[in-house]
Amino acid sequence: MARSSLVEIIRDPKLNPYPDIVESDGEDAAVEELRGSINFAPRGANTFVITYKDTKATRARDITARLTELLVAKEGALRLEQAETTANFAEKLRGEALDVLKRNQNELNQFLADHPEFAIDASQGASGGEGASIRAAQEKSNRPRATGDSALQILERQKARIKAR
């Protein structure tokens, strides 16, 4: 157990089992004496057995209860700190992802502004929607027929899209 927790017991006049040692040798000596009387044994996942030996049964019960309270409080504070650290880390990652998304969206917008032939017409929409098959048939009939040159076909399609605007 941490020294700070044991000092709380030593400083409490109702619980201090070693007032004589505190007076003669100081707080540190009393803490070390108290540490020797306490035993922590793991019992399973997040479970401990705390034992304390004393000549007075009521004081042993009270000190054991106080040790339990201190241990539970430390564990709660540790879990809270871990949760806050995890939340801060997740928020940082979220912020970084949003920054990347904004930068990519700006780059896409700039590209589409520089190359409008690649932009999807707002009247057609990205998903097609109702009448998509009719529009596709109309576009197909309006396209010039290419004669085998794929580069030429690509340029003809781009020309048709630009003129359609």
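**Terms and the values behind them**

Author: In this predicted model, Leu108, Phe111 and Phe118 form a nonpolar patch on the surface, and together they have about 270 Å² of accessible area.

Reader: Why is phenylalanine 118 called partly exposed?
Author: Its relative accessible area is 43%, and since buried means under 20% and exposed means over 50%, the value lies in between, so phenylalanine 118 is partly exposed. Its place is in the loop between α4 and α5 (132-142).

Reader: How do you know that the buried residues of α3 line one face of the helix?
Author: In helix α3, which spans residues 27-37, the buried residues are Ala30, Val31, Leu34 and Ser37. Seen down the axis of α3, these buried residues fall within an arc of 115°, and therefore they line one face of the helix. What covers them includes α1 (3-11), α2 (19-25), β1 (38-44) and β2 (47-52).

Reader: What makes Ile9, Leu34, Tyr52 and Leu67 stand out in the largest nonpolar core?
Author: Of the 16 residues in that core, these four touch the most other members, while α1, α3, β2 and α4 (57-114) each supply at least two residues of the core.

Reader: Which residues is isoleucine 9 in contact with, leaving aside its neighbours within four places in sequence?
Author: Isoleucine 9 is in contact with Leu15, Asn16, Leu34, Ile63, Arg66, Leu67 and Leu70, where contact requires heavy atoms within 4.5 Å.

Notes. Residues are numbered from 1 along each chain as its sequence is written. This is a predicted model: local features need pLDDT of at least 70, side-chain atom pairs count only at pLDDT 80 or more; totals for chains, interfaces and linings use all residues. Side-chain values use heavy atoms; hydrogens and water are left out. Buried means under 20% relative accessible area, exposed over 50%, partly exposed in between (1.4 Å probe, protein chains only). Helices (H or I, at least four residues) and strands (E, at least two) are DSSP runs, numbered from the N terminus. The arc is that of the directions from the helix axis to the C-beta atoms. A nonpolar core is a set of buried Ala, Val, Leu, Ile, Met, Phe, Trp, Tyr and Cys residues joined through side-chain atoms within 4.5 Å. Patches are made of residues with over 30% relative accessible area and no salt bridge: like charges are joined within 9 Å, nonpolar side chains (Val, Leu, Ile, Met, Phe, Trp, Tyr) within 5 Å. Accessible areas come from the Shrake-Rupley method with a 1.4 Å probe; for residues, only the protein chains shown count as cover. A salt bridge is a side-chain nitrogen of Lys or Arg within 4 Å of a carboxyl oxygen of Asp or Glu.
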